[in-house]
Amino acid sequence: MAEESLFTVEDLQCPVCCEIFDVPVILGCKHSFCKTCILRHWDRMGTRQCPLCRRTERSSRPAINLSLKLATDVFKQKPEQFMVKSVERCSIHNEELKLFCRKDAELICVACTSSRSHKNHEYCPITEAASEIMKQAAETAAEVKQEYEKLHTILREEEAARFMVLQNEKDSKTVMVREKLEEVNKSIEELSDIIKYIEPIIIADDLTFLKECKEAIKRTSYTAPETEYPKRALIDVLQYLGSLKHGVWKRMERDVHYCSVSLDPNTAHPNLIIKDELTTVIYGKKQQLPDNPERCTSRMAVLAANGLNSGKQRWYVEVAQSREWYIGVARESINRKTAVFLNPREGFWVISNNEESYWAQTSPRTRLTLKKPPQIITVELDYDKGKQRLTSRNALGLGVSFDPPHAD
């Protein structure tokens with residue numbers, strides 16, 4: 001019976017050759033491959049990395065996965081004991097879809113790799129592609145959560161500040177009302193003393209009354225201070241609820257900055273780290289990233305997320321803290337995997353800074369003379385006229401114009 005086995009047929013397939021394991025070996029990352037497949041892969045790549053997670057394997061002789069070895073031996077003798085999952089097949093070759101074409105972003109079979117439509121494309125096992133996507137989704141979700149936490153922090157700080165002001169007003173106005181109440185109580189006590197003094201005189205004999213009459217009249221001439229309702233005794237509700245959302249928005253406007261250009265992390269070279277909501281790029285340690293078709297691997301480059309096909313645009317790029325940079329526009333169709341020159345013939349219109357020398361990357365390139373290092377580079381693009389101008393702030397003497405044939 002199929003349920004007698006702990007493995008399915010798919011569990012017994014090598015992620016590299018997509019066939020039933022020959023001699024399955026297990027790496028330190030717990031991924032298993034045919035022994036010949038993994039050794040051949042390491043020879044071809046020149047490094048002992050797992051094809052799925054790209055973790056470096058310490059041992060050049062990985063151990064045999066005994067459980068998989070036993071399972072494959074049983075499968076070869078009694079395949080009916082193993083469950084077979086329903087599989088999708090290639091509409092052209094009627095073969096199982098086991099691979100993922102990175103360039104076309106679609107599932108293909110082994111026969112498709114040699115066909116005209118997918119020949120020389122990059123492809124990988126489905127499990128590897130899914131793992132890369134899941135990892136990217138998890139990292140993106142973590143960054144989204146982090147950015148929302150910053151916004152929540154702003155809201156919590158604003159809420160706490162308002163409550164603190166409200167509490168201070170409550171305390172000060174409570175003190176004011178208590179002082180007023182003490183004044184009223186003092187007047188009441190004084191009137192009570194007068195009443196206590198006069199009452200016995202009124203009911204006394206005539207002689208006593210006449211004797212104390214003068215003092216009694218003097219005391220009854222006392223005038224109690226007029227009690228007024230204290231001004232501004234109530235809480236200033238307007239201060240806390242009037243245009244509350246607008247006030248919070250103005251506070252967030254001070255802390256949240258908008259940038260019209262977002263960098264596309266899927267195009268970034270593995271050594272480039274995109275941060276600050278995809279608006280800042282810095283050089284760092286090489287990251288383990290999918291080698292997707294959009295990614296620039298031949299040059300240390302990253303492209304903006306949105307392209308243009310009409311109109312006028314202007315961008316400002318801060319370069320004050322950068323020792324080396326290349327800034328401008330490029331066609332979307334530029335070659336991203338092989339070495340290229342950054343000139344208009346290759347689809348680039350840029351200026352650069354390399355060891356404090358500045359160049360317009362024309363063909364041949366033109367040296368630029370600056371009086372001061374630039375702080376901000378302004379990129380102006382008139383797509384319809386096919387013109388681009390790059391200027392700098394705090395750097396007199398730089399003003400470069402290009403005539404790109406409708407750069408993307």
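This is a short tour of the structure, stop by stop, for you to follow in your viewer.

**Before you start.** You are looking at a predicted model, in which local features need pLDDT of at least 70 and side-chain atom pairs count only at pLDDT 80 or more, while totals for chains, interfaces and linings use all residues. Residues are numbered from 1 along each chain as its sequence is written, and side-chain values use heavy atoms, with hydrogens and water left out.

**Stop 1: confidence.** Colour the chain by pLDDT, the predictor's confidence in each residue, from 0 to 100. The chain's mean is 83, and 91% of its residues reach 70 or more. Helices (H or I, at least four residues) and strands (E, at least two) are DSSP runs, numbered from the N terminus.

**Stop 2: an annotated span.** Select residues 134–161, which an unreviewed UniProt entry annotates as "coiled-coil region". UniProt positions are given in the numbering used here, feature names are shortened, and annotations may be inferred rather than shown by experiment. In the model this span is 100% helix, and its end C-alpha atoms lie 40 Å apart.

**Stop 3: cysteines.** Is Cys34 buried or exposed? Cys34 is buried, at 3% relative accessible area, and Cys296 is buried too, at 4%. Here buried means under 20% relative accessible area, exposed over 50%, and partly exposed in between (1.4 Å probe, protein chains only).

Stop 4: Most residues other than glycine have a negative phi, and most peptide bonds are trans. Now select Cys18, in the segment before S1: its phi is positive, about 60°. Cys18 is buried, at 6% relative accessibility. Next, find Ser243 in the loop between helix H5 (237–241) and helix H6 (244–255). Ser243 has a positive phi of about 50° and is exposed, with a relative accessible area of 54%. Finish at Pro364, in the loop between strand S12 (357–360) and strand S13 (366–368), where a cis peptide bond joins Ser363 and Pro364, with omega about 0°.
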